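This report describes one protein model, moving from its overall make-up to particular residues. Please keep the sequence and the structure in view while reading.

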Amino acid sequence: AVVRRRKEAEREIERAAILRKRYDIHISGHNVPAPLESFEELVSRYDCDSYLVGNLSKLGFQEPTPIQRQAISILLSGRECFACAPTGSGKTLAFLLPMLMKIKPGSKGCVKAVILCPTRELAAQTTRECKKLAKGRKFGVKLMTKDLSQDGNFKDMHCDILVSTPLRLDHAIRKRDLDLSRVEYLVLDESDKLFELGFVEVIDSIVKACSNPSIIRSLFSATLPETIEALARTIMHDAVRIIVGRKNSASSMIKQKLIFAGTERGKLIALRQSFAESLNPPVLVFVQSKERAKELYRELVYDDIRVDVIHGDLTEEQVLLLHNLPILILITVPVVFCFHCFNTVDIRLAD
Ligand SMILES: Nc1ncnc2c1ncn2[C@@H]1O[C@H](COP(=O)(O)OP(=O)(O)OP(=O)(O)O)[C@@H](O)[C@H]1O
């Protein structure tokens, strides 16, 4: 019997290794659970409630993405993880699913999961995703708005899952007595941006406020610089590192080219030249801020091409109007673009 069990364990390890190779998943850590082969395994291996599997199929999610295959099995086994996978690879579902499977909805004044996002737009988007996935169960999913962080009565609030940016959450903890001592899941989404934006101390105090000893923390990111990995290791114990594709790489479906422009003016010349060489509309131009977006728009608007711009100062109606126009080039800021979900194909980065 001992020999048989050992053989079975070896076969299991081999099967996991084959799956990881197939999906370009790289892990470090000991005894890492095998990646999911399919969403059906959520039921057969982890006893997932049928409403959740139903919601997945209603949302059109048939197969887990590589990051979902590995992160979900790790989080469901109670391990912490920090995960690096390209933008758009389905990281949101990778942390939402285990949380919705494990926490019990219902009680007032008891936050059970916290998701920290670097921007308000991303926090709003994650809240919407979470509500869609939790449909059919009485989960209290709350987005930390400015009003809520300043005046919220968290003791009487039904909030199982709280999605917030760091400063608003920190304010609510310090000024509104928000109790996070029973949080079972803490997720730092887009953690590279969270740390880049200088939130290290605030995040540190949020991590301390989530004082439940059996908390499961996870970090999701599109890049994993050494500094973030080092920080992650200081707040997590026995965490598994997951990398999908190559570390700090973009999606393999995107062809990238880096052009050295020398000066600010040179960037504009290079961009115009790239349009002259190939204009395969619609084209998206990402810039760093709304000021840069407006500036570039003013430069390009008089060229003989149809160009438009979206940024945080536009009203919802103005953005909706843009959806119906035959735009050739759209200048935008990444988070604002993601928030409004345009369907475009050719992407160029200006900043
Ligand atoms: N298993 C799946 N099958 C099909 N589509 C999926 C699956 N999981 C997620 N998606 C869809 O893929 C898109 C990208 O997912 P998501 O926003 O979670 O990516 P991400 O890795 O968090 O990207 P970012 O780094 O930009 O935040 C979303 O529209 C999401 O609904």
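## Overall make-up

The secondary structure of the protein comes to 15 helices and twelve strands; helices (H or I, at least four residues) and strands (E, at least two) are DSSP runs, numbered from the N terminus. This is a predicted model, in which local features need pLDDT of at least 70 and side-chain atom pairs count only at pLDDT 80 or more, while totals for chains, interfaces and linings use all residues. Residues are numbered from 1 along each chain as its sequence is written.

Of the 351 residues of the protein, 37% count as buried. A residue is buried if 20 or more other C-beta atoms lie within 10 Å of its own, exposed if 12 or fewer, and partly exposed in between, with C-beta atoms placed from the backbone. Among contacts between residues at least 6 apart in sequence, 71% join residues at least 24 apart; two residues are in contact if their C-beta atoms, placed from the backbone, lie within 7 Å.

## Domains and annotation

The protein is divided into domain 1 (2-244) and domain 2 (264-349), with bounds that come from an automatic or database domain assignment. The centres of the two domains, taken over C-alpha atoms, are separated by 33 Å.

An unreviewed UniProt entry carries the annotation "domain: Helicase ATP-binding" for residues 72-242. UniProt positions are given in the numbering used here, feature names are shortened, and annotations may be inferred rather than shown by experiment. The span 72-242 is 43% helix and 16% strand, and its end C-alpha atoms lie 11 Å apart.

## The ligand shell

Which residues are the closest to the ligand? They are F61, T87, G90, K91 and T92, among the 13 residues that surround the ligand; a residue is near a molecule if its C-beta atom, placed from the backbone, lies within 6 Å of it. Helix α5 (residues 91-102) gives the most to this shell, with three residues.

By type, the shell divides into four nonpolar, seven polar and two charged residues. Ala, Val, Leu, Ile, Met, Phe, Trp, Tyr, Cys and Pro count as nonpolar, Asp, Glu, Lys and Arg as charged, and the others, Gly among them, as polar.

The largest nonpolar core has 76 residues, and A71, A83 and V114 have the most contacts inside it. Such a core is a set of buried Ala, Val, Leu, Ile, Met, Phe, Trp, Tyr and Cys residues joined through C-beta atoms within 7 Å. Helix α5 gives the most to this core, with seven residues. A second, separate core of ten residues includes V283, V285, V309 and L330. Leaving aside neighbours within four places in sequence, V114 is in contact with L162, L180, V183, L186 and C210.

Helix α4 (residues 66-76) is largely enclosed by the rest of the structure, because eleven of its eleven residues are buried. The cover over these residues includes β1, β2 (81-84), α5, β7 (216-221) and β8. Just after α4, G78 takes a positive phi of about 85°.

## Residues with positive phi

Most residues other than glycine have a negative phi. N31, in the loop between β1 (25-28) and α2 (41-44), has a positive phi near 45°. N31 is exposed, because 9 other C-beta atoms lie within 10 Å.

D238 has a positive phi near 55° and lies in the loop between α11 (226-235) and β8 (240-244). With 10 C-beta neighbours inside 10 Å, D238 counts as exposed.
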